[in-house]
Structure formats: C-alpha cells, structure tokens
Amino acid sequence: MTRPTTADRARALLPHVVLLAVVLAAWTAVAASDLVSPSYLTPSPLEVWNAFVRANSDHPIGGGVDRIVRGEENYYLWEHLLASLQRIGLGLVFAVLVGIPLGLLMGVRAIGALLGPYVDFLRSIPPLAYIGFLVAWFGIYDTSKVWLLFLAAFPPIALATLNGVRGVRGDYLDAIRTLGAGRLSTVTQVVLPATLPDILSGLRVAVGFAWTTVVAAELVNGLPGIGGLAYLSGSQNKIALSVACIIVIGLTAIALDLLIRLAERRLAGWRGKD
Amino acid sequence: MNRHTLRRGAAAAAVAALLLSACSLGGDTEADSSACPWEADESVDTTVRIGYQKIPNGDVIVKDQKILENCLPNATIEWSNFASGGDVIQAFGGGSLDIGLAGSSPSTRALSEPLNIPVSVIWIHDVIGSAESLVVQEGVATDIVGLKGKTIATPFGSTAHFSLLQAIADAGEDPAAYNLINSEPEQIAPAWGRKDIDAAWIWDPTLSELKSQGGEVILTSEDTAEAGKPTYDLAIADNTFIAENPEVLETWAKAQDYAVKQISEDPDKAAESVAVEVGVTTEEAKGLFDGFVFLTAEEQASADWLGGKLGQDLFATAQFLLTQDGIAAVADASVYAAGVDAGPAEAAAQAD
C-alpha cells in the first residue's frame with residue numbers, strides 16, 4: 001500500500017471544509033434574518049467568536065469605564081473548562097475504583113443475579129433527579145457534584161466489566177488453572193486483561209454520561225465550571241457566550257472520546273484478532 | 001498487554017487526577033487590610049460562606065470591592081453564586097451557607113413549615129420598587145382587571161409572583177380567572193417575542209428587554225408596597241453562625257452599610273462594581289438603582305424595618321403564601337418577629 005500524498009489528504013479534507021463553510025454560512029444567514037426575535041437570541045458566528053475571545057482574555061467592562069476584568073466571572077473560559085474536567089476526572093476515578101471490582105464480583109453468577117437489578121436501576125435514573133438530595137446531603141460544593149458524576153459514571157463501567165467477564169473464554173481459564181494458578185492470579189492474569197477491551201468501551205460510555213451530567217451538576221453553585229457558565233450566561237440573556245460554551249462542551253466531548261478510542265487501540269488492539 | 005503496562009496506565013491516571021485537583025484556578029488577589037475603609041479586624045480567622053445573587057444592590061458592591069476580604073484579612077471568605085432565592089434556601093437546608101441573599105417570599109418559606117430552617121433575617125439589601133414590574137403587550141390591557149383570561153408569566157415562588165398575586169387580590173379578582181404560567185426569566189423574552197404571553201411580572205434584564213419591545217408597565221412592586229405588601233431582598237444568616245461570630249456579622253453589616261452609602265454618595269464607583277458583577281453597562285447599572293430603595297444601617301435598625309415592622313411583613317407574607325399553597329402552615333407571629341435579628345445592623349449603626 002502506498003502512503004497517501006499531501007494532495008490526497010487535502011482532497012479527503014475538502015468535503016469537510018465545504019460542509020463546515022455551508023453550516024457557518026447558513027448559521028450567519030439565520031442570525032441575520034432575525035427569524036427569532038429579539039435579535040440577541042440568534043447570535044452570528046462572529047458574535048460567538050467574539051464572546052469566546054472575550055471570555056479568554058482580560059477585557060474592559062466598557063460603558064466608558066476603564067476597569068479591566070478577567071475572563072467571565074473572574075475565570076478564563078479554559079479555567080471554567082478545567083474546573084469541570086477536574087470534577088469529571090474525580091467522578092471517573094471513583095467510578096473506575098468501584099465499577100471494575102463490582103463488575104468482576106458480579107461475574108460470580110449468584111452475586112450478579114443479586115446485584116444486577118440494583119445497578120440496572122441506578123443506570124436507568126436520570127442523574128438530575130437526585131441532585132436535590134445530593135445537595136442536601138453533601139452540600140453545595142464539589143462533593144455533591146463529584147457524587148453525581150460518580151453515580152452517572154459507575155453503572156456503565158460495572159456492566160461493561162460484567163459483560164467482559166462473562167465473555168472470557170473457558171479454555172483460557174482451564175489453561176491457567178491447569179498450570180496451578182489460584183483465584184487471585186486467575187483474575188489478575190487472565191480475567192482482567194481479557195476484560196480490558198470491555199472495560200475501556202464501558203469507560204467511553206461513562207465519560208459520555210459524566211460529560212452530559214456535568215451541566216446538571218453545575219446548576220447549583222457551578223462557578224467556575226463550563227456547565228455553570230453556560231447556564232448562567234443563558235439566564236443573563238448572554239446567548240452568544242452560552243453558544244460559545246456549548247461549542248466548547250461539544251468539542252471537548254469529542255476530544256475525550258477520541259482519547260479513549262486511542263487508548264483502546266493501544267491497549268486492546270488485539271481484540272478480534274484471536 | 002501485560003500487567004506492567006496496566007499498572008503504569010493506572011498510575012498515570014491517578015497522577016493526572018492528582019495534578020488536576022492540585023492546581024488552583026482563578027484570579028483572586030490577596031487581601032489588603034490597608035484597603036479596608038475602617039480599621040480591619042485581624043482577630044477573625046473563621047471561614048465565612050456567603051451565597052449571593054446577581055442583583056444590583058450593595059451585596060455585589062461588597063463582593064467586587066473585596067471589602068470583607070480586606071476588613072477580615074485572616075478570614076476565608078467564600079462567595080457562591082445562586083440563580084434564585086429557592087436555591088439559596090436549599091443550600092441553607094443542607095448546612096452549606098452562613099449568610100445568603102434571598103427575597104422575602106423564599107425567606108418566609110425558610111422560616112415556616114415544613115422547612116423550619118434555623119436562620120434569621122439580618123439585613124434588608126433593598127426594598128423592591130419598580131425593579132419588578134408588570135409589563136403588558138402593547139394595547140392588551142391598561143389595568144389588572146383588563147388582563148382577565150390572559151396569559152401572565154412570572155417565576156413561581158419569587159417576590160414578583162407574590163406581588164402579582166397580591167395585585168390580583170387587591171383588585172378583588174380571583175387568580176383562577178387568569179392564566180398564570182411559571183417561567184424562568186430568560187425564557188420570558190422569547191415567549192414574549194412569539195406573543196405566547198400577554199404579560200409578565202419580572203425583573204431586569206428581561207424587564208428592560210420587554211419594555212424595548214413595546215411592553216407597557218401597568219403596575220410595579222412599588223404599587224404593591226404602597227398597598228401595604230412590600231417585597232424585599234433580604235440577607236439571612238444561620239442562627240448558630242450568628243451566635244458564634246458576632247464580630248464577623250458586625251463587620252459584614254458595616255461593609256453592607258458602606259456599600260449602601262456608596263450608591264447614593266459615589267454612584268459611579270458603585271455602578272462600576274454592579275457592572276462587573278451583574279453583567280450590565282455602568283449606565284444601565286445606574287438606572288437599575290432607581291428601581292430599589294436602599295436603607296442604611298441606622299434606618300434598618302429602626303422600628304420601621306428590622307427593629308419591628310419587617311417581622312410583621314414576613315408574617316403577612318406567610319399568611320398569603322399559605323393561601324397560595326406555598327407553605328404548609330403559618331407559624332405564630334412571634335416566630336417571624338424572632339426570625340428577624342437587628343443586632344448586626346444596630347452594631348454597624350453605632351460604629352459610625
């Protein structure tokens with residue numbers, strides 16, 4: 001196979017560029033047409049870009065006053081994003097720490113039958129439903145937010161792990177047992193590595209869940225936080241900033257997903273080859 | 001795939017999480033006790049957790065000018081933003097706040113069944129005037145009676161909702177004759193643009209937006225206040241915190257008093273802080289001040305306000321909320337009188 005040349009790559013990229021241009025043009029046209037009134041409800045791409053730049057820089061508040069303020073709500077937009085990522089990161093770490101052992105444990109048929117319905121139950125509840133009592137129990141600071149993200153993220157990880165354990169081939173287990181392995185080394189040497197691809201795809205689902213939940217988590221006292229900023233700017237009629245936040249949220253979600261897919265390919269590339 | 005790479009991966013993830021949680025964000029500057037308008041109190045080293053709202057009054061001026069940080073240089077001041085008084089009350093219920101801003105309706109709910117939250121009202125941030133008004137689409141009606149059968153939007157449970165129901169009752173009408181709908185402020189302007197609603201009792205920035213789209217103001221919260229049913233933005237504080245930290249509350253009240261005086265004496269400076277915190281221009285900020293009545297510590301401490309009448313107003317609000325299913329029961333009048341603590345305002349007034 002020959003390596004693709006630069007020209008080939010440019011040709012492959014062309015449809016994407018054209019589509020993006022069409023989307024931006026259509027957006028600008030809709031914004032200019034004042035289809036929805038009042039007009040601030042339909043900011044143009046340029047206005048959104050300006051709001052984005054403003055949110056990432058020290059800028060004057062305007063109105064003839066030379067006071068300079070920092071980003072939005074005293075944080076730059078990337079700091080809001082980082083604060084949200086921090087919460088998601090913590091929620092996911094706990095979800096992995098609880099979800100994987102739980103999934104492995106549920107691989108034992110009796111325990112799986114016992115706990116399965118509860119994990120399914122948790123998974124089917126929209127996380128927004130429990131934010132009220134989480135705030136009452138754990139306060140308005142980060143603890144309640146991390147709890148919410150954990151509750152959103154651990155069921156998919158546990159269920160994916162369980163799915164992986166059930167799919168471990170019997171002859172692998174027979175082989176290592178014949179070699180005299182105990183229960184613990186069976187799990188660490190065979191079950192866990194064989195389950196890894198499923199755990200990673202569970203993690204991908206979990207990251208998606210956590211990311212969509214972060215806006216709900218940041219409805220109460222969510223600053224700094226990208227979800228909190230999106231909500232606050234909406235409630236202040238700063239729609240351009242709100243749209244800028246939404247685009248950042250969407251792009252970050254895609255980037256996170258790509259990252260895990262890359263890890264999947266690196267760590268579990270053998271899947272499907274054996 | 002061997003277990004070493006797995007372990008390394010797990011270690012990398014743990015390190016990344018630690019790094020993320022270790023880095024601090026934001027552009028907070030150090031407290032500067034020399035910037036305190038009076039002598040700073042260096043003896044206080046507690047944490048003060050404050051819930052604020054983006055309302056153009058003294059509270060955001062205190063926050064923006066870092067008066068508390070500068071006057072209590074060794075204390076930790078934590079400001080948390082809330083979208084509504086209901087959220088602030090919820091945070092008090094969970095024990096997450098020491099001092100918070102809430103309207104008179106949510107504050108009354110906090111003091112009544114079933115919540116019974118151990119808080120007291122310690123300050124009147126403002127008396128709501130034309131800042132909350134009933135705006136009507138052009139030519140739809142000229143008074144509240146003419147709006148019968150029409151759709152009116154307001155955030156339920158808010159002071160605006162209270163004023164609307166009060167105005168309907170004062171006109172001798174039944175709320176059931178109106179189509180009242182619950183809507184967050186930001187959703188009212190688009191609904192208005194589509195003519196989904198005929199009127200709204202609402203505050204800024206939505207209020208200005210509706211006026212610029214041809215809306216006509218036919219009643220304001222000043223009118224309901226004159227009819228004997230005023231609405232307020234209040235500060236409530238946790239009772240245990242009040243008992244244990246009198247010096248914090250005195251400094252807090254002095255800071256609020258300083259901000260109130262700045263609004264009348266140096267409106268440009270006050271407007272700049274409001275512009276930064278509330279997200280309006282300084283010109284708009286100055287206009288917004290006109291919609292409220294602000295009271296100094298001395299005025300607040302008198303029998304007309306914290307010193308007596310406010311307790312009666314909260315009791316009246318509770319009686320009204322009961323008829324609207326907002327609370328489970330009205331407590332004895334003495335509960336609302338005891339739910340007001342004029343102490344911090346008195347201390348600040350004497351310190352002048």
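First, a working rule for myself: I call two strands paired if DSSP finds at least two bridges between them. Helices (H or I, at least four residues) and strands (E, at least two) are DSSP runs, numbered from the N terminus.

Housekeeping comes next. This is a predicted model, in which local features need pLDDT of at least 70, side-chain atom pairs count only at pLDDT 80 or more, and totals for chains, interfaces and linings use all residues. Residues are numbered from 1 along each chain as its sequence is written, while chains are lettered from A and ligands numbered from 1 in the order in which they are written.

**Entry 1: the five-stranded sheet of chain B**

I looked up the strand order and found 7-6-8-5-9 in an open sheet of chain B with mixed pairing. Strand 7 and strand 9 (216–220) of chain B are at the edges with a single partner strand each, so each has one side without a neighbour in the sheet. From one strand to the next, the twist averages 25 degrees (axes are lines fitted to C-alpha atoms, for helices over the stretch in contact, and angles run from 0 to 180 degrees between N-to-C directions).

Then I went through the pairs. Strand 6 (residues 151–154) and strand 7 (residues 179–182) of chain B run parallel and are joined by four bridges, with B:Thr151 opposite B:Asn179. Between these two strands the chain passes through helix 6 (residues 159–170) of chain B, and the β-α-β crossover is right-handed. I checked the hand this way: with the strands pointing away from the viewer, the path from the first strand over the helix to the second runs clockwise.

Strand 6 of chain B also runs parallel to strand 8 (residues 199–202) of chain B, with two bridges. Strand 5 of chain B is antiparallel to strand 8 of chain B over four bridges, and B:Ser133 sits opposite B:Ile202 there. Strand 5 (residues 133–136) of chain B is likewise antiparallel to strand 9 of chain B, again over four bridges; B:Val135 has B:Val217 as its bridge partner.

Which way do the residues of strand 5 of chain B point? B:Ser133 and B:Val135 point one way, B:Leu134 and B:Val136 the other way, and all are buried. My cut-offs: buried is 20 or more other C-beta atoms within 10 Å of a residue's own, exposed is 12 or fewer, partly exposed is in between, and C-beta atoms are placed from the backbone.

**Entry 2: B:Ala153**

I picked B:Ala153, which lies in strand 6 of chain B, and found B:Ala200 of strand 8 opposite. Is B:Ala153 buried or exposed? B:Ala153 is buried, because 26 other C-beta atoms lie within 10 Å. Leaving out residues up to four places away in sequence, B:Ala153 touches B:Ile181, B:Ser183, B:Ile188, B:Ala191, B:Ile197 and B:Ala200 (contact means C-beta atoms, placed from the backbone, within 7 Å). Helix 7 (residues 185–193) of chain B lies across strand 6 and strand 8 of chain B, at about 155 degrees to strand 8.

**Entry 3: the six-stranded sheet of chain B**

The other sheet I looked up is open and mixed, with six strands of chain B in the order 2-1-3-10-4-11. Strand 1 (residues 47–52) and strand 2 of chain B run parallel over six bridges, and B:Thr47 has B:Thr76 as its bridge partner. Helix 4 (residues 85–93) of chain B packs on this sheet, touching strands 1, 3 (99–103), 4 (119–128) and 10 (232–238) of chain B.

**Entry 4: over to chain A**

I found A:Tyr130 in the loop between helix 4 (109–124) and helix 5 (131–138) of chain A. A:Tyr130 is partly exposed, as 18 other C-beta atoms lie within 10 Å. Beyond its neighbours within four places in sequence, A:Tyr130 is in contact with A:Ile125 and A:Leu151.

Last, helix 6 of chain A: 21 of its 25 residues are buried.

Technical notes:
Contact = placed C-beta atoms within 7 Å.
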